[in-house]
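Please brief me on this protein chain. I am new to the structure and want the main points, grouped by topic.

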Amino acid sequence: MNMTQRFHHLVVGAVVSTSLLTTMPLLAQEPAVPAAPAEEEFFDFDEGESDALTISDPLEGMNRAFFGFNDKFYRYAAKPVARGLRILPVPVRQSMANFFNNLGAPVSAASALLQGDVRNAGTELGRFVLNTTAGLAGFLDPATDVGLIQDEEDLGQTLARYGVGHGVYLVLPFLGSTSVRDAIGSTATSQLNPLYEELEPGQIAAINLVQAEVALSLDADTYEAFYDTAIDPYSFFRSAWLQNRQGKIDQ
């Protein structure tokens with residue numbers, strides 16, 4: 001792979017690793033079946049606590065425009081596809097979600113190790129080995145059954161642990177809420193996953209898009225309820241994203 005291809009791989013990997021899962025719906029907390037911690041915790045949102053958390057938003061005008069674009073893409077493209085997937089039985093879709101979650105375990109383990117969290121790195125690595133073998137390539141989740149609980153880590157969290165601040169808040173087309181720090185972390189995270197090393201950018205994008213649609217198919221349509229009842233949806237989702245990210249860093 002030459003340098004141009006490598007750069008292309010890195011950029012596309014960053015795009016799809018953040019993916020629809022952190023965006024235009026910013027998946028809600030009430031899935032039809034138990035989902036990964038990342039989705040379950042997003043709307044573990046305390047408006048009182050959010051007042052203490054702030055992030056610079058000098059690009060609010062642009063961010064609001066992209067926020068509106070992402071909302072329309074979610075409602076008229078992403079969610080209809082996800083609803084179509086509901087023709088598949090819930091156990092089938094949950095097995096697919098398990099498979100995709102398992103693909104991210106090596107990166108989570110590496111990120112935990114970079115933070116000096118040897119115990120969590122071992123747990124994530126143990127989950128990957130057990131679920132890949134006894135869990136039939138990750139479609140089953142025996143690791144949780146034996147007490148190896150998933151605690152996803154990424155390089156954005158790692159940078160935060162070393163004192164790197166958010167930088168400015170960003171809402172990106174298709175990708176949704178992030179910050180300068182987390183965007184850089186996502187780019188680096190995409191390079192850590194050895195499972196993606198031999199894949200082309202288009203293949204990585206396809207994997208992440210399918211993962212996002214499967215996760216949406218398990219969502220209980222709570223995004224619309226939050227959006228439609230918020231006085232200012234943009235501010236609500238910014239605060240919810242910020243609180244969620246801080247919660248993951250503080251774990």
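The briefing below goes from the whole chain to its strands, its surface and its salt bridges.

This is a predicted model, in which local features need pLDDT of at least 70, side-chain atom pairs count only at pLDDT 80 or more, and totals for chains, interfaces and linings use all residues. Residues are numbered from 1 along each chain as its sequence is written, and side-chain values use heavy atoms, with hydrogens and water left out.

**Whole chain**

- The chain has 13 helices and 2 strands. Helices (H or I, at least four residues) and strands (E, at least two) are DSSP runs, numbered from the N terminus.
- Of its 251 residues, 46% count as buried. Buried means under 20% relative accessible area, exposed means over 50%, and partly exposed lies in between (1.4 Å probe, protein chains only).
- Among contacts with a separation of 6 or more, 78% join residues 24 or more positions apart. A contact means heavy atoms within 4.5 Å.
- Accessible areas come from the Shrake-Rupley method with a 1.4 Å probe; for residues, only the protein chains shown count as cover.

**The hairpin**

- Strands β1 (residues 169–172) and β2 (residues 176–179) run antiparallel and are joined by 4 bridges. Two strands pair if DSSP finds at least two bridges between them.
- L172 has G176 in β2 as its bridge partner.
- The two strands form a hairpin with 3 residues between them. In the turn, F174 has a positive phi of about 70°.

**A nonpolar surface patch**

- I87, L88 and V92 form a nonpolar patch on the surface, with about 280 Å² of accessible area together. Patches are made of residues with over 30% relative accessible area and no salt bridge; like charges are joined within 9 Å, and nonpolar side chains (Val, Leu, Ile, Met, Phe, Trp, Tyr) within 5 Å.
- I87 sits in the loop between α4 and α5 (90–103). I87 counts as exposed because its relative accessibility is 75%.

**Around helix α12**

- Helix α12 covers residues 222–229, and its buried residues are T222, Y223 and E224. They pack against α4 (60–85) and α13 (233–250).
- D219 lies in the loop between α11 (201–218) and α12. D219 is buried, with a relative accessible area of 4%.
- A polar atom of the D219 side chain lies 3.1 Å from the backbone nitrogen of D221.
- D219 and R83 are 136 residues apart in sequence, yet 9.6 Å apart in space, C-alpha to C-alpha.

**Salt bridges**

- A search of the whole structure finds 15 salt bridges. Each is a side-chain nitrogen of Lys or Arg within 4 Å of a carboxyl oxygen of Asp or Glu.
- One network of salt bridges links K79, R83, R86, D219, D221 and E224.
- R64 and E60 meet in a salt bridge (2.8 Å, N to O). Both lie in helix α4, 4 residues apart, about one turn of the helix.
- R64 also forms a salt bridge with D232, the closest N and O atoms being 2.8 Å apart. D232 lies in the loop between α12 and α13 and R64 in helix α4, so this pair ties together parts that are 168 residues apart in sequence.
- D154 and R245 meet in a salt bridge (3.1 Å, N to O). D154 lies in the loop between α8 (142–145) and α9 (155–161) and R245 in helix α13, so the pair ties together parts 91 residues apart in sequence.
- R245 counts as buried, at 8% relative accessibility.

Methods
Polar contact = N/O pair within 3.5 Å; in protein donor to acceptor, adjacent residues only side chain to side chain.
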